[in-house]
Amino acid sequence: MTAHRRPEERAGEDGDERTPSTLGRHERLLLGASPTLTLRQLAAGAETSVDVARRFWRAMGFADVDPDDVRFTERDVEALRGVADLIDEHDDGLPSPCAPGGGLAASSVFEMLRAQSYTMDRLVLWQLETFVSDVSQRLHLDDTAARLVVLDHIDAMATALRSQLDYVWSRHMAALLSRTDAEVAGRGREDAGPDLYPLTRSLGFVDIVAFTQRAQTMSRLQLESMLNDFETTARNVVTSRGARVVKTIGDAVMYISDDVVTAADVVTALVRELQAGPVPMHVRASLVQGRVVSRSGDVFGPTVNLASRLVDTAEPGGIRMDEATARAIINGPDAARYRVSECKEVVAKGLGNIVPWALEAA
């Protein structure tokens, strides 16, 4: 990268200020053109109502705009038209013969858009912060100077990042469809009803013991390094063994697997790897098998609540389960790989008295 000068050093070059021309270049690259359309024109171009256009913009995660403010491009028109085409023209819960694939309820279409937008918001922030950190470390710049360098050079990476996004989405959708097909094919007749949690999963949490106290004594760089090591190790261990990371919550990670054999392999390896890393961390974990419901990329239900409470009962290095999960491992095909033992009864917040079971690698 070329040397970078701060805004005050660039004033007067290429116009009165540097920022508008830089942002304009980014807009043309990322949005296809500089904005020329209002919300009303956006709706008209997509052949839909201003109300639908407003709901579209909100679902994208952006603040409301005045209907006559110029904010949009033809690429926005194309995107809104695509969203509108997915909506059942009658929106009565029944398939529409006119819409592609029969159409969906507007609420479902906007829910999918919110999910996508929420993910993209986190993704672009993650990517930008990674660029800033990289530039700051390699060029020995402070945070402000590093961000200015990134603003000057992000254009060179935009096309590759967009192409990679399409590839990653395709790969993950293909993998999800494959898992779903295998799961459905293996199901027998199942119970039905409004209170049914439809998915059987094995899941749990791993968190850093005494994180708050430890963080108080660390510098910013030490804290960043520890959290980066924790998250990187967690993602590598979980995904490499065929499970998935549901979410990271600062000093904790939630993992999930389709079966308890994989989950047991994941959680024992994860505790081992985190405690044996270059900066050893004291961690504790939980594992529970049970039924859940999936929503907004997360999972919910009593199984998740139990796993969350069980992790609090473990000592550093410990893994805690409920009895049903412990029995599943004891009676499973890989029982010889583990030591399972009953622990003392404890009081779990919101659950009352429970008897945890411990899991260790043999």
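Select Glu47 to begin: at 73% relative accessibility this residue counts as exposed, where exposed means over 50% relative accessible area, buried under 20% and partly exposed in between, with a 1.4 Å probe and protein chains only. Glu47 sits in the loop between H3 and H4, helices being DSSP runs of H or I with at least four residues and strands runs of E with at least two, numbered from the N terminus. The phi of Glu47 is near 60°, a positive value in a residue other than glycine. Most residues other than glycine have a negative phi.

Before moving on, note that this is a predicted model, in which local features need pLDDT of at least 70 and side-chain atom pairs count only at pLDDT 80 or more, while totals for chains, interfaces and linings use all residues. Residues are numbered from 1 along each chain as its sequence is written, and side-chain values use heavy atoms, with hydrogens and water left out.

Select His140 next, in the loop between H6 and H7. The phi of His140 is near 55°, again a positive value in a residue other than glycine, and at 70% relative accessibility His140 counts as exposed.

Now colour helix H5, residues 74–86, which has 13 residues and reaches 19 Å from its first C-alpha to its last, close to the 18 Å expected at 1.5 Å a residue; the expected span is 1.5 Å times one less than the number of residues. Which residues of H5 are buried? They are Asp76, Val77, Leu80, Val83 and Ala84. Seen down the axis of H5, these buried residues fall within an arc of 130°, so they line one face of the helix, the arc being that of the directions from the helix axis to the C-beta atoms. Turn to the face of H5 directed away from its buried side, and you will find the exposed residues Glu74 and Glu78. To see what covers the buried residues of H5, show elements including strand E1 (37–38), helix H3 (39–45), helix H4 (50–59), strand E2 (70–72) and helix H6 (106–139).

Val52, Ala53 and Phe56 of H4 make the contact with Asp76, Ala79, Leu80 and Val83 of H5, contact meaning heavy atoms within 4.5 Å.

From there, go to Ser117 in helix H6, which counts as buried at 9% relative accessibility. Leaving aside residues up to four places away in sequence, Ser117 touches Ala59, Met60 and Gly61.

Finish the local stops at H7 (residues 143–153) and H8 (residues 155–185), whose axes come within 5 Å and cross at roughly 65°; these two helices are therefore roughly perpendicular to each other. Select Leu151, Asp152 and His153 in H7 together with Asp155, Ala156 and Met157 in H8 to display where they meet.

Zooming out, the chain holds 13 helices and twelve strands, and buried residues make up 33% of its 362 residues.

Conventions
Axes are lines fitted to C-alpha atoms, for helices over the stretch in contact, and angles run from 0 to 180 degrees between N-to-C directions. Angles under 35 degrees count as roughly parallel, over 145 as roughly antiparallel, 65 to 115 as roughly perpendicular and the rest as oblique.
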